[in-house]
Amino acid sequence: MKNFDAIIIGSGQGGTPLSKKLAKQGWKTALIEMKDVGGSCVNVGCTPTKAMVASAKAAYNVQQARHLGVETGSFKINMPAIIRRKKRIVDTFRNGSQKDVEQTENLSLLFGKASFINSKTIEIALNEGGKETLSANKIFIDTGTRPAIPDITGLQEAGYFTAATLMEYEEVPPHLLIIGAGYIGLEFGQMYRRFGSKVTILENSDSFLKKEDNDVADEILKAFKAEDIDLMLSAEAIAVKKENDLIEVTLKVAEGEKKITCSHILISAGRIPNTDALHLQHAGVNVDKHGYVIVNEKLETSSEGIYAIGDVKGGPAFTHISFNDYIILYKNLIKGEHQNTNNRPVPYTMFTDPQLGRIGITEKEAIKKNIKIKIAKLPMSHVARAIETGDTRGMMKAIVDAESEKILGAAVVGREGGEIMSVLQMAMAGGFKFREVRDMIFAHPLYSESLNNLFMTIEHLE
């Protein structure tokens, strides 16, 4: 048995920096990874997806160039080249991260599958063969999640893609059916429509982007309809049958059953935690009914000395939240602080085009909580920068406390919506009142300059 001060299981965007930071503080640390350093974000999530979204955006820009007086003629989608570019970017990020880990003093990187023997001891089935046993007083679980595959009759026989496997496929699917209209499904739907696929997206509920305000969701829906993306609400796939080059899908809809055909299926129906192989019961670590590790506000599990970070603990499944988990643990364990997850901001961006950037509460959440609010709303068609660049899709929206006049939340649908949202997040963090943003000097003519006009929809400058 090898003894360590800390063991981190999983090299995601929380586990990797935590391992390096602890090692640099003199902790003898082990980082265990089952496959690739960097976790989902670098290898199959944010990095490769956004690289390919950029290619799809370039195709869209070519198609739209005539509206700006630029005649481009025909163009061709080269999927092998798009995928090669994506792989180069992923390899650069992954290899750089792995090199940093391997060059960090006091840090050992092991590749294999980890499982608990008890609350202080881990057994690793090494990828290269054999087993190793490690012990530590501090153990951190950062094993992330994987796609949830729904139990649909005939799905396994017909075959399907996940987001990770579709990004390795060097052809453009003639008709891509996407099961699930979450952020991943929507990003992939628009991406592959721009590559040339016919796209149908299924959502089994009767609402679209139900976590967002209706007017915000409607802006995304309008953009999708403009690109001839077929979105079906209250539609659940219950059976799949492959016949030659086509797949027949039976749907359960409000009227009963309906059959549609497609060439390929992408499963984007949520995710499940990678906890089933960890033998958490041997360590006394409790999980919820879905298998997510239960933690308190300090990221502590039910077993002393064991912590969980990132998606494996449930909650907001964003890379930046995982990274913030690492910061909380580092400050508490090394700096002796008392940081916690209570009331931390959860900004996020959906990388559709236009983007959706969100921070704070929505209008419907404020109403549900009986908060007296004022609403600031500005269509992008009234934003000078949007008009000049020829893209007036979307809107800016902010929720303001009627009494304190502080900004409680914001949603920005538009080009670089996430960047504009981040400006409002900074204003919220600084406790700015809406009038201070309304009267602030922004460089002209930026998107952010229109925050002046956004808040003038609440109260004009007197």
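Q: To begin with D439: is D439 buried, partly exposed or exposed?
A: This is a predicted model. In it, D439 counts as partly exposed, at 41% relative accessibility.

Q: Which residue does the D439 side chain meet in a salt bridge?
A: The partner is R438, with an N to O distance of 2.7 Å. R438 counts as buried, at 6% relative accessibility.

Q: How many salt bridges does the structure hold?
A: There are 29 salt bridges. One of them joins the side chains of K50 and E187, at 2.8 Å from N to O. This pair links distant parts of the chain, since K50 lies in helix α3 and E187 in helix α7, 137 residues apart.

Q: And how accessible are K50 and E187?
A: K50 is partly exposed at 28% relative accessibility, whereas E187 is buried at 6%.

Q: What does R194 pair with?
A: The R194 side chain forms a salt bridge with that of D353, again given as N to O, at 2.8 Å. R194 is in helix α7, and D353 sits in the loop between β16 and β17, 159 residues away. R194 is buried at 7% relative accessibility, and D353 is buried at 8%.

Q: Which residues are linked with R194 and D353 in a network of salt bridges?
A: The network also takes in K57, E227, D391, R393 and R415.

Q: Changing topic, how many disulfides are found?
A: The search of the whole structure gives 0. For C46, the nearest cysteine sulfur belongs to C41 and is 3.2 Å away; a disulfide requires the sulfur atoms to be within 2.5 Å, so C46 is in none.

Technical notes. Residues numbered from 1 in each chain as written. Predicted model: local features only at pLDDT ≥ 70, side-chain atom pairs only at ≥ 80, totals over all residues. Heavy atoms only, no water. Salt bridge = Lys/Arg side-chain N within 4 Å of Asp/Glu carboxyl O. Helix = DSSP H or I, 4+ residues; strand = E, 2+ residues; numbered from the N terminus. Buried < 20%, exposed > 50% of the residue type's maximum accessible area, 1.4 Å probe, protein only.
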